[in-house]
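Subject: Structure handover

Hello,

Here is the structure we spoke about. My notes on it follow below.

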Amino acid sequence: MLQNRFGRLTATALAGSMLLGAAACGGSEEPTTSAKPEGGASSAAAPAEKGPKVGLAYDIGGRGDQSFNDAAAAGLDKAKTELGLADTKELEAGSGETEAAKEERLRLLAQGGYNPVIAVGFAYSASVKKVAAEFPEVKFAIVDDAAATAPNISNLLFAEQEGSYLVGAAAALKTKKEHIGFVGGVQVPLIQKFEAGFVAGAKKIKADVVIDVKYLTQPPDFTGFNDPAKGKTAAEGMFDAGADVVYHAAGGSGGGVFEAAKAAKGLGIGVDSDQAKTAAADVRGVVMTSMIKKVDVAVFDFLKSFTSNSVKAGTTVYDLKAGGVDYSTTGGQVDDIKIQLDELKQKIISGEIVVPDKSS
Amino acid sequence: MSAAKSTFADRLLGRVRLGGLLSLAAPILAVVFAGLITSVVLLITGAPPLETLGIMVDYGVQPRSIVLALNLASGFYLSAIAVAIGFRMNLFNIGVDGQYRLAALVAAAFGASITLPAPLHIAAVVLVAMLVGAGWASIAGLLKVRRGVSEVISTIMLNAIATALGSWLLNKDRLAVEVAGSNNIGTKPLGPSAQVSGIALIPGSPLKVNGLIILAVAVGVLYYVVLNRTRFGFDLRATGRSEPAAVASGVNVKRMVLIAMALSGAVAGLAGMPILLGESYSYSLQFPLGLGFTGIAIALLGRNNPVGIAFGAMLWAFLDVSSNILQLHEISPEIVQIMQGTIVLSVIVAYELVHRYQISAEQRRVSSELAGGTQVRAEGASA
């Protein structure tokens, strides 16, 4: 066996080169292939006049997460019809990818003539900063991050804790067992802002309410934003332990939380989008309210300012006052407590209540 | 060992060789399998297979993409070598993932807290990473030797513990600092003396190849030399092949398990270094995850051979890099993961099939020799 090491080595080397070689054979078809995607793009763009080409880079989950990314997609869709965008391109992140992959995604968009380019999620912070410097003529926007600053970067921020405060109050008002829960996607500072607001709001209404807090994954594992099964298990645990209202800030995992709520005849609170409208049809009934984070509004506003040539670089905060976060009333389940919630809302807007953005 | 008596694991881990033309048949079969299955998947999802490959190759041969793939591959390679060290001794170190993450985190925090002249600073960070990786893997080694706990179970559990420990450490009260205005959190960035500059290896691209590719190459060479040219390597492989035989020839198997596990962990600790020292300079929430599991697949793909693993790592990295361009052409990026999985399975299945063919061919030859007894012997004599 030892003396034949070399034979094995060559075999393995061959295996590798063959796999690459097989791929190379496909490359000979190239002239016909590269023409097609471009043709498709131009035919799609034909009806629109000559609006901007918009590139959107999603965080993990992408379009279809019924939550954070979908909210951004909604803003883009609205802009597409109302602002007459020439073309849009949406790329999505893979889980556990390197910084270089994120940079390359933004670079491909900027290189492909997409301007402006919107990065959805704080994960793009470093890459936006780097790529924006390489393409000074392209306007960039990043959602949820204020650290990446440049003359061509707009930072779209949200006061998630303020909206969470209101749904926390709603949960405390609605619970019959004096026991509520919070399911966070991944234990990162951003999601802890949701938790802090939710807990503060609930305690404001009932100081002794029991609040279960559970994060689905720990960084660097970001699958907690995209794993309904984990969400379901966590929420089931809370309902079994006696909770009857569970708020999730877990992106795509939230679907599982609603399923658990339905099975336990409890209530769920949605996040980012108005989930009584966006969640799977069979669980919409359990979505009592949602903490709406109007990423769609921020994305649309940014695109609108781009078409009117008035892009503002730097931070724009979408808080309760600016209507950037809110609670939803779809389904009418919180109509009976609307007066109390709106009172709290006014107090936050006037500054009488300052919502903490870090859990104590 | 004759091929007929080999176990599936022996054949899987590349311990049994294929003779003559058969060694060519296996990779060709693997390519045909992988190509067929991927084409079917592409057709089902509505993407034309040849065009898709064309797009990927078109993009993959650009200098920029080659640099990106090389940079990605150096981490993959180190991780796969770490896995392969264990494989060679029949140890399944599933814990490379936890080992490299914990190692990178501690090394990043350590590196940021000291200042040394450049080469020493880099060496110190690398050393700490190796020590942490080795230490973490040794827990599984000790459990196996002292308590007979399967290293598969213990390393998987240790992955989960490493994740929890990592997120506990990655807190501003401990090893991390918060960046103002950012929702990210990470260790303090390494000073310039610990940053490894890139090499302008590929002409035509402003991007530089990660300087730590040299480390990856060195580890590959070392892996080959130690395993094939030293007494230790012989003992390690012997233990992997047959424990009783190794014991009989005077190998202390328990000691070998401990050392192999620690070595595997030390190399695992290196897997995060190309990214830490050459790219991010800090361990943050953005630090890539899953290198360790990718390493397992690549070690299988490369059949534990240092050159084979290099090809596997490059192929894997090339596929990863091309996922962005696929999205630009409205092809689902998940295709890449399907391709990667298909390739690994194809390689395993193809080699196994060819091995079985070889075994049955051998048996047929032997039985026909026995049946035709004298005649064969007479022919042999005349020749």
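A helix here is a DSSP run of H or I covering at least four residues, and helices are numbered from the N terminus. Please keep in mind that this is a predicted model.

By that definition, Ile339(A) belongs to helix α12 of chain A, residues 338-350.

Next, the nonpolar core. The largest one has 231 residues, and the members that touch the most others are Ile81(B), Ala107(B), Ala129(B) and Ala313(B). Helix α4 of chain B (residues 63-88) supplies the largest share of this core, 17 residues. Chain A takes part as well: its domain 1 (48-158 + 294-324) and domain 2 (160-293 + 329-350) each give at least three residues. Beyond its neighbours within four places in sequence, Ile81(B) contacts Val219(B), Gly220(B), Tyr223(B), Val267(B) and Ile309(B).

Last, a helix pair in chain B. Helix α14 (residues 306-321) and helix α16 (residues 334-371) of chain B have axes that come within 9 Å and cross at roughly 165°. The two helices, α14(B) and α16(B), are therefore roughly antiparallel. The crossing of α14(B) past α16(B) is right-handed. On the α14(B) side the contacts involve Trp316(B), Leu319(B) and Asp320(B), which meet Val336(B), Met339(B) and Gln340(B) of α16(B).

Regards

Methods: Residues are numbered from 1 along each chain as its sequence is written. Chains are lettered from A and ligands numbered from 1 in the order in which they are written. This is a predicted model: local features need pLDDT of at least 70, side-chain atom pairs count only at pLDDT 80 or more; totals for chains, interfaces and linings use all residues. A nonpolar core is a set of buried Ala, Val, Leu, Ile, Met, Phe, Trp, Tyr and Cys residues joined through C-beta atoms within 7 Å. A residue is buried if 20 or more other C-beta atoms lie within 10 Å of its own, exposed if 12 or fewer, and partly exposed in between; C-beta atoms are placed from the backbone. Domain bounds come from an automatic or database domain assignment. Two residues are in contact if their C-beta atoms, placed from the backbone, lie within 7 Å. Axes are lines fitted to C-alpha atoms, for helices over the stretch in contact, and angles run from 0 to 180 degrees between N-to-C directions. Angles under 35 degrees count as roughly parallel, over 145 as roughly antiparallel, 65 to 115 as roughly perpendicular and the rest as oblique. A crossing is left-handed if the near helix is turned anticlockwise from the far one by less than a right angle, and right-handed if clockwise.
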